[in-house]
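Biologist: I am new to this structure. Could you show it to me and take my questions one by one?

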Amino acid sequence: MDTLLLLNPIAFSIGALKVHWYGLILGAAALIGLLLVIREGKRYNIPQEVFMDMVLLGVPSAIIGARIYYVAFKWEDYKDNFWDAFKIWNGGIAIYGALIGAIICAVIFFRRKGYNFWRMADICAPGLLVGQLIGRWGNFVNQEAYGGPVEESFLRDKLHLPDFIVNQMNVEGVFHHPAFLYESMWSLVGLVLLLVLRRQKFLRSGELFMSYFIWYSIGRFFIEALRTDSLGFQAPQWVASLVNGLWSPMTAMGFEQGYLDPAYGNVRISQLLAIGIIIVAVVFIVVRRVTGKADVRYSDPIVSSKVPADDMEHTGTVAGKENKVTPPAKDESKQVDDKKE
């Protein structure tokens with residue numbers, strides 16, 4: 001049976017040029033995420049051009065990182081057809097690779113602009129979740145990144161999904177877990193949490209960014225095992241047992257892991273990476289707190305070391321806070337004379 005595609009992945013055509021929904025959705029995700037970041041940046045008097053330039057550089061860096069990550073773990077499929085590694089339009093990108101590429105770009109970019117990376121990363125964190133929240137619907141249109149087989153009744157009666165989602169999850173006559181939807185909803189809840197967390201006085205520099213990684217990685221660990229297209233590798237049996245043991249609560253709730261091709265290994269790379277990221281993020285927060293290095297709060301002013309001091313004096317503001325101008329003190333001798341009078 002042919003794949004049932006109720007949604008045409010091509011939005012429209014301009015001559016021979018075909019514009020795909022996937023690209024439009026990713027573009028919308030990047031734009032909405034950018035607007036959210038710019039709005040928060042205004043609280044700190046950060047020019048919106050800084051974030052716009054970051055997106056213009058960060059998006060290509062993310063795509064390159066995502067492709068390199070994917071090809072590296074599937075090198076056996078590309079080593080004899082090297083030029084296929086550049087054919088990104090045929091599919092094959094990984095979100096963790098995208099994050100690596102974007103972070104490397106951001107570290108370099110913000111340093112050149114004179115901003116502290118952790119302060120700027122905190123501002124960008126909710127925007128990243130918005131991008132993932134919306135971007136996953138591109139996978140929905142393309143009927144990709146879905147989970148293992150399920151009964152139609154599971155989607156309709158247990159999850160109470162609308163027809164357009166249920167029907168789109170029918171791939172070659174078999175219904176599948178809408179893994180894209182699980183991750184999108186997880187990102188939505190995470191977005192709300194980050195928006196609330198960033199207004200708390202106890203939050204320190206870098207901790208919102210780490211909270212993003214912790215939240216996303218927890219969700220990715222459990223959702224990844226449902227998918228059938230995971231990148232894998234051959235790990236020691238104790239590692240595989242550990243990963244499966246951590247995932248066992250999902251089994252207790254009636255979920256089953258998706259198929260993992262034994263040719264690629266016995267452990268999903270994204271799951272193992274998610275565990276590592278969670279551990280590193282928690283250690284990062286604890287160590288900085290214990291050692292006293294977490295002295296800067298999220299709400300503190302953000303100042304670029306590249307901004308001339310004269311410019312700050314003329315504007316009278318620093319990172320959203322007005323500089324109070326203290327009137328010059330009266331001459332002491334004049335004060336003495338005044339008292340005598």
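Modeller: Gladly. This is a predicted model. Let us begin with one serine: leaving aside neighbours within four places in sequence, Ser270 is in contact with Tyr96, Arg220 and Glu224.

Biologist: Where does Ser270 lie, and is Ser270 buried or exposed?

Modeller: Ser270 belongs to helix 11. Buried means under 20% relative accessible area. Ser270 has 9% relative accessibility, so Ser270 counts as buried.

Biologist: Which residues does Arg289 touch beyond four places in sequence?

Modeller: Arg289 is also found in helix 11, which spans residues 269-290. Its relative accessibility is 36%, so Arg289 counts as partly exposed. Not counting residues up to four places away, Arg289 touches Phe202, Leu203, Arg204, Glu207 and Ala294.

Biologist: How many Å separate the C-alpha atoms of Arg289 and Arg204?

Modeller: Arg204 is one of the residues that Arg289 touches. Along the chain, Arg289 and Arg204 are 85 residues apart. Their C-alpha atoms are separated by 8.8 Å.

Biologist: And Ser299: how many Å apart in space are Ser299 and Leu203?

Modeller: Ser299 sits in the loop between helix 11 and helix 12 (309-315). At 42% relative accessibility, Ser299 counts as partly exposed. In sequence, Ser299 and Leu203 are 96 residues apart. C-alpha to C-alpha, the distance from Ser299 to Leu203 is 8.0 Å.

Biologist: Back to helix 11. How is helix 10 oriented to helix 11: roughly parallel or roughly perpendicular?

Modeller: The axes of helix 10 (residues 237-252) and helix 11 come within 11 Å. They cross at roughly 80°. Angles from 65 to 115 degrees count as roughly perpendicular. Helix 10 is therefore, relative to helix 11, roughly perpendicular.

Biologist: How many nonpolar residues are in the contact of helix 10 with helix 11?

Modeller: Helix 10 brings Val239, Val243, Leu246 and Trp247. Helix 11 meets them with Gln271, Leu272 and Ile275. By class, this contact has no charged residues and one polar residue, while the nonpolar residues number six.

Biologist: What about helix 4 and helix 5: are they roughly parallel or roughly antiparallel?

Modeller: Helix 4 covers residues 95-113, and helix 5 covers residues 117-141. Their axes are 12 Å apart, at an angle of about 150°. Angles over 145 degrees count as roughly antiparallel. Helix 4 and helix 5 are therefore roughly antiparallel.

Biologist: Which residues of helix 5 make the contact with helix 4?

Modeller: The crossing of helix 4 and helix 5 is right-handed. Helix 4 contributes Ile95, Leu99, Ile103, Ala106, Val107 and Phe110. By class, the contact has nine nonpolar, one polar and one charged residues. From helix 5 come Phe117, Met120, Cys124, Gln132 and Arg136.

Biologist: How far apart in space are Val141 and Ile165?

Modeller: Val141 is found in helix 5. It is buried, with a relative accessible area of 8%. In sequence, Val141 and Ile165 are 24 residues apart. In space, C-alpha to C-alpha, they are separated by 9.7 Å.

Biologist: What is the phi of Gln143?

Modeller: Most residues other than glycine have a negative phi. Gln143 lies in the loop between helix 5 and helix 6 (152-158), and is buried at 8% relative accessible area. Gln143 is not a glycine, yet its phi is positive, about 50°.

Biologist: Asn45 has a positive phi too. Is Asn45 buried or partly exposed?

Modeller: Asn45 lies in the loop between helix 1 (21-42) and helix 2 (48-73). Its phi is near 60°. With 41% relative accessibility, Asn45 counts as partly exposed.

Biologist: Now the whole protein. What percentage of the residues is buried?

Modeller: The protein has 13 helices and eight strands. Among contacts between residues at least 6 apart in sequence, 77% join residues at least 24 apart. Of the 341 residues, the buried share is 42%.

Biologist: Which element has the lowest mean pLDDT?

Modeller: The protein averages a pLDDT of 86, and 87% of the residues score at least 70. Over residues 309-341, pLDDT stays under 50. Helix 8 (residues 179-197) has the highest mean among the elements, 97. The lowest, 42, belongs to residues 317-318, strand 7.

Terms used
Residues are numbered from 1 along each chain as its sequence is written. This is a predicted model: local features need pLDDT of at least 70, side-chain atom pairs count only at pLDDT 80 or more; totals for chains, interfaces and linings use all residues. Side-chain values use heavy atoms; hydrogens and water are left out. Axes are lines fitted to C-alpha atoms, for helices over the stretch in contact, and angles run from 0 to 180 degrees between N-to-C directions. Helices (H or I, at least four residues) and strands (E, at least two) are DSSP runs, numbered from the N terminus. Angles under 35 degrees count as roughly parallel, over 145 as roughly antiparallel, 65 to 115 as roughly perpendicular and the rest as oblique. A crossing is left-handed if the near helix is turned anticlockwise from the far one by less than a right angle, and right-handed if clockwise. Contact means heavy atoms within 4.5 Å. Ala, Val, Leu, Ile, Met, Phe, Trp, Tyr, Cys and Pro count as nonpolar, Asp, Glu, Lys and Arg as charged, and the others, Gly among them, as polar. Buried means under 20% relative accessible area, exposed over 50%, partly exposed in between (1.4 Å probe, protein chains only). pLDDT is the predictor's confidence in each residue, from 0 to 100.
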